[in-house]
Number of protein chains: 2
Amino acid sequence: MAENEQKVSLIPLGGLGEIGKNMMAIRYGNSILVIDCGLTFPEEEMLGVDAVIPDYSYLLEHRQMVKGIIVTHGHEDHIGALPYVLKDLNVPVYGTRLTLALLQAKLKEQGNLNGVKLQQVKPRDTLRIGPFKVEFIHVSHSIADTVALAIHTPVGTIVHTSDFKIDHTPIDGEVFDFYKFAQLGEEGVLVLLSDSTNVERPGFTMSERVVGETFDEVFRQARERIIVASFASNVHRLQQIISTAYKYNRKVAVVGRSMVNVVNIALELGYLDIPEDTLVDLSELAYLPKNRTVIISTGSQGEPMSALTRMARNDHRQIEIVPGDTVIISALPIPGNEKLVARTVDQLFKQGADVYHEAIDGVHVSGHASQEELKLVLSLVKPRFFVPVHGEYRMLIKHARLAEDLGIPPENIFVAENGQVLEFTRDRGAITGRVPAGRLLVDGLGVGDVGNIVLRDRKQLAQDGLLIVVVTLSKETGAVIAGPDIISRGFVYVREAEELLEEAKEKVRQTLEKCEERKVTDWATIKSNIRDNLSKFLYEKTRRRPMILPIIMEV
Amino acid sequence: MAENEQKVSLIPLGGLGEIGKNMMAIRYGNSILVIDCGLTFPEEEMLGVDAVIPDYSYLLEHRQMVKGIIVTHGHEDHIGALPYVLKDLNVPVYGTRLTLALLQAKLKEQGNLNGVKLQQVKPRDTLRIGPFKVEFIHVSHSIADTVALAIHTPVGTIVHTSDFKIDHTPIDGEVFDFYKFAQLGEEGVLVLLSDSTNVERPGFTMSERVVGETFDEVFRQARERIIVASFASNVHRLQQIISTAYKYNRKVAVVGRSMVNVVNIALELGYLDIPEDTLVDLSELAYLPKNRTVIISTGSQGEPMSALTRMARNDHRQIEIVPGDTVIISALPIPGNEKLVARTVDQLFKQGADVYHEAIDGVHVSGHASQEELKLVLSLVKPRFFVPVHGEYRMLIKHARLAEDLGIPPENIFVAENGQVLEFTRDRGAITGRVPAGRLLVDGLGVGDVGNIVLRDRKQLAQDGLLIVVVTLSKETGAVIAGPDIISRGFVYVREAEELLEEAKEKVRQTLEKCEERKVTDWATIKSNIRDNLSKFLYEKTRRRPMILPIIMEV
């Protein structure tokens with residue numbers, strides 16, 4: 001690529017080769033614009049980790065260049081890293097009304113609201129941010145107020161779909177902005193970045209309205225109380241529950257902290273249309289006949305501390321599941337949560353409830369575009385270059401193949417990885433470099449202080465527990481003054497293993513004697529001898545490998 | 001139930017309210033017959049546990065009564081607990097040829113083959129075991145040689161389907177034994193126990209042959225090497241891979257320990273029909289053009305140490321994935337393994353392979369009966385009483401509803417839990433009691449020595465690691481002679497937290513001083529003071545709660 005040619009770079013910092021922690025930097029000259037700033041939930045092997053956010057050191061290194069961060073909607077995988085990133089990077093954040101309201105609640109909770117500049121936008125707005133002219137475009141998704149972006153740069157226009165689906169019959173009447181996409185396509189688009197989450201699904205994703213039809217059917221037949229669990233942020237879903245409740249003359253109460261928060265925000269901003277007297281307090285619900293009541297609850301993912309999960313295991317302070325209850329889990333398990341959700345469903349059945357769950361029962365539709373919708377967007381936008389985003393590697397590959405089928409030349413399609421730098425001129429594109437990109441683990445208040453060594457230790461401790469060997473040696477002679485003592489945790493049930501632990505102690509004594517005989521006084525050597533001998537002994541006896549920590553005190 | 005009436009009891013010891021560790025005891029008078037003796041894999045929260053088996057103390061308590069154990073097929077959830085149970089209970093084991101061969105390999109591996117009495121049976125055999133007359137009946141399943149059972153007792157006939165599906169076009173030509181089921185139904189069946197695993201799926205489960213058609217299509221199009229991962233025990237699947245390879249003039253090599261074992265057993269017993277020169281050693285495969293080769297591999301569940309997973313992360317000694325390779329994962333992820341499998345697929349795509357996986361691509365069919373098959377069996381057998389087995393609680397409930405739809409009176413259907421005793425006379429049934437039933441955790445060589453306390457400790461260690469505080473006190477004065485020292489593992493990255501750990505040490509010093517001032521000499525109190533103060537301090541600073549282990553040495 002010639003040095004003097006104008007170029008724009010795309011630098012994915014998260015969301016490629018994975019579902020979650022979406023973050024894309026766009027750089028033109030010395031200006032950087034960031035799209036989304038999300039988190040992801042820890043993998044099973046990231047023991048004790050609370051959240052994972054993108055490594056944003058590239059932004060810190062170029063902090064003077066960063067003009068702002070645009071958040072396309074209010075889901076955690078798009079706004080969840082902001083409370084951390086904004087601590088280090090004081091730049092304006094742009095988003096629609098509901099998105100910013102959810103972000104604000106989040107920042108407030110974490111106590112770092114001060115000095116954050118939030119700028120509200122709405123669909124069809126156009127904004128100049130540094131050298132970028134940004135248009136916000138309405139799309140359908142499983143949260144209200146989601147926008148796609150058209151970012152006009154001197155080199156050409158970049159269209160980013162964000163997460164989206166095409167819903168011809170949306171609950172709020174706001175259809176996907178076909179005209180804008182078509183107009184951009186007609187004017188010419190340099191690069192399209194498009195959501196790959198559902199690329200493995202053929203056909204079209206069903207309309208949100210389909211869930212409403214299922215609710216109607218289930219509500220009509222339910223004889224007693226109805227409990228619906230869903231994602232708090234899916235305001236349209238909540239609207240459908242409330243509307244159906246009203247139709248069948250039922251009052252609605254809301255339980256679960258995040259659900260209560262979102263309902264309050266959505267009500268305040270006018271995203272929920274609730275007929276008078278329909279929403280009541282949970283305590284009031286108790287005085288109504290069961291067949292006049294609906295409870296909207298958190299817990300659609302089987303989260304251990306959520307309201308529905310507590311009800312299922314008969315551990316909720318106010319609500320007890322009784323035979324006759326109808327429970328609807330209006331969500332699909334996020335990969336990794338399948339067993340938690342299945343357990344909740346099982347426990348609810350055991351309490352006597354009738355449970356509708358998963359797609360089998362038609363109580364959920366996805367918020368992401370299936371193959372035909374993805375094709376439609378490609379055909380509308382007709383980009384010169386295509387970069388699939390928001391998906392695991394196989395999904396990006398499959399999305400790339402889809403684009404190829406529609407006639408985009410393979411050399412104009414880039415399946416990239418987080419951290420790769422994609423440079424585009426008006427007529428060429430290439431992967432030209434790499435910046436630091438990876439993950440930062442958040443554990444409690446710590447960001448990045450839990451790394452591989454800590455995780456490796458946690459894994460070993462989790463597998464077979466630990467054995468601590470303490471011995472006090474004489475500073476002068478090296479002779480054993482006290483101990484050896486053995487303390488174990490998470491290894492064996494101590495009462496049943498007294499003999500084993502006694503033998504282990506004997507092994508340590510023998511090791512110490514041998515060291516003394518051989519005049520070994522170096523602590524490191526003594527410790528490693530203890531560790532090796534004991535480890536071998538325990539493995540033979542139990543086929544387990546607990547962590548062994550020899551501690552030598554000297555007096 | 002009148003005392004003098006003849007009765008037979010069913011005592012489920014595993015497999016009800018869960019998928020796995022199947023075990024059902026049938027008792028008549030002072031004779032007990034056991035059906036299956038399986039294991040299950042540990043839940044996520046059972047840290048470090050290798051396997052879970054049924055609590056079989058009921059059988060030990062009545063060891064004189066146990067006449068034998070019948071295993072219906074060779075899957076782990078039907079034979080996996082035998083190596084443990086047979087150590088305590090020396091009774092004959094009955095099973096078909098392949099089932100016993102797989103069991104034998106298992107027992108040999110664990111070194112407890114001596115003195116085990118294995119008795120081979122075949123479909124349509126009838127055997128007298130104590131007061132029970134047992135008929136073995138051929139059914140289709142995802143492993144060859146699976147049998148259902150008709151157990152004739154003086155009270156009536158009990159039919160147990162085992163795991164099954166109805167395959168009209170099975171690979172070995174042996175169709176589900178419709179006649180036997182129909183004949184039993186005609187003669188009259190007291191109780192039917194039927195597989196509930198797939199009760200949530202409408203329609204019929206597809207024939208194994210469908211997978212062969214997919215193989216044919218994929219093999220025909222593949223340009224270079226083909227690698228197929230599947231369950232080792234699915235001999236029919238292996239047969240289809242080999243037959244298709246032969247058709248397309250490819251040689252086959254087998255990798256992965258369990259796959260090599262099963263292929264050898266199946267070959268020896270004649271369950272695999274392999275054309276001459278088709279099966280070659282992996283080392284020979286290297287000399288053939290890639291488009292003449294097929295590799296059959298373990299790893300269809302993304303198991304971290306399996307052959308395919310190693311290939312995917314470029315860590316296999318002999319096989320490197322290269323662009324052009326076609327990989328087929330011919331299995332569905334077992335619940336809980338979804339993410340492991342997805343990761344393997346992603347890594348294979350990254351290495352440049354083309355990957356076919358999951359049911360989307362038609363490369364797998366289930367081995368369990370769907371709703372229409374379950375109805376067919378109920379209609380054939382026409383039992384007086386019905387007990388759904390092999391399923392999570394919601395599945396048992398749904399299976400019960402299915403039976404109700406077919407006209408079995410609700411009071412004759414029993415959705416039972418492990419450990420409940422179901423008693424049947426000729427015309428009445430009831431749940432009349434409870435025996436111990438639960439789970440035994442296997443960790444290394446230990447069975448049952450890992451319980452709640454050990455798991456709770458492992459969980460805490462896994463979450464936030466541990467901090468050991470060591471201090472040496474004077475036996476005479478109680479004064480601090482050495483320490484306090486602090487050692488941490490799995491808590492923070494120590495180099496980045498020196499200051500924090502220094503402050504923590506200071507906290508301990510202050511605590512010890514206060515104890516000395518207040519003349520506290522009781523070790524337990526000193527330790528709990530250290531633990532409380534340190535825990536509070538660390539939570540404030542980090543929002544983490546590591547395990548804190550104060551150790552006091554006295555000299």
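Arg257(A) and Glu109(A) form a salt bridge, with their closest N and O atoms 3.2 Å apart. Arg257(A) sits in helix α8 (residues 257-269) of chain A and Glu109(A) in helix α4 (residues 97-109), so the pair ties together parts that are 148 residues apart in sequence. A salt bridge here is a side-chain nitrogen of Lys or Arg within 4 Å of a carboxyl oxygen of Asp or Glu. This is a predicted model: local features need pLDDT of at least 70, side-chain atom pairs count only at pLDDT 80 or more, and totals for chains, interfaces and linings use all residues. Residues are numbered from 1 along each chain as its sequence is written, chains are lettered from A in the order in which they are written, and side-chain values use heavy atoms, with hydrogens and water left out.

**Salt bridges**

- The structure holds 62 salt bridges over all chains.
- Arg257(A) counts as exposed at 61% relative accessibility, and Glu109(A) is also exposed, at 53%. Exposed means over 50% relative accessible area, buried under 20%, and partly exposed in between (1.4 Å probe, protein chains only).
- Glu217(A) and Arg220(A) meet in a salt bridge of 3.2 Å, N to O. They are three residues apart in helix α6 (residues 208-221) of chain A, so about one helical turn separates them. Glu217(A) is partly exposed, at 37%.
- Arg428(A) pairs with Asp427(A) at 3.8 Å between the closest N and O atoms. Arg428(A) is partly exposed at 40%, and Asp427(A) is partly exposed at 46%.
- A network of salt bridges links Glu200(A), Glu392(A), Arg394(A), Lys398(A) and Asp346(B).

**Interface of chains A and B**

- 70 residues of chain B are in contact with 70 residues of chain A. Contact means heavy atoms within 4.5 Å.
- The two chains bury about 5800 Å² between them, 59% of it on carbon and sulfur atoms. Buried area is the accessible area (1.4 Å probe) lost when two parts are put together, summed over both.
- Between chain B and chain A there are 14 salt bridges. One of them joins Asp449(B) and Arg544(A) at 2.6 Å, N to O.
- On the side of chain B that touches chain A, elements giving two or more residues include α11 (338-350), α16 (523-542) and β25 (547-554) of chain B. Helices (H or I, at least four residues) and strands (E, at least two) are DSSP runs, numbered from the N terminus.

**Strand β18 of chain B**

- Strand β18 (residues 385-389) of chain B is mostly covered, with five of its five residues buried.
- Phe385(B), Val387(B) and Val389(B) are on one side, Phe386(B) and Pro388(B) on the other.
- Strand β12 (residues 191-195) of chain B runs parallel to β18(B), joined by five bridges. Two strands pair if DSSP finds at least two bridges between them.
- Leu193(B) stands opposite Val387(B).

**Loop residues**

- His75(B) lies in the loop between β5 (66-70) and α2 (76-79) of chain B. His75(B) counts as buried, at 16% relative accessibility.
- Lys21(A) is in the loop between β1 (8-14) and β2 (23-28) of chain A. Its phi is near 35°, a positive value in a residue other than glycine. Lys21(A) is buried, at 4%.
- Arg543(A) is in the loop between α16 (523-542) and β25 (547-554) of chain A. Its phi is near 60°, also positive. Arg543(A) is partly exposed, at 41%.
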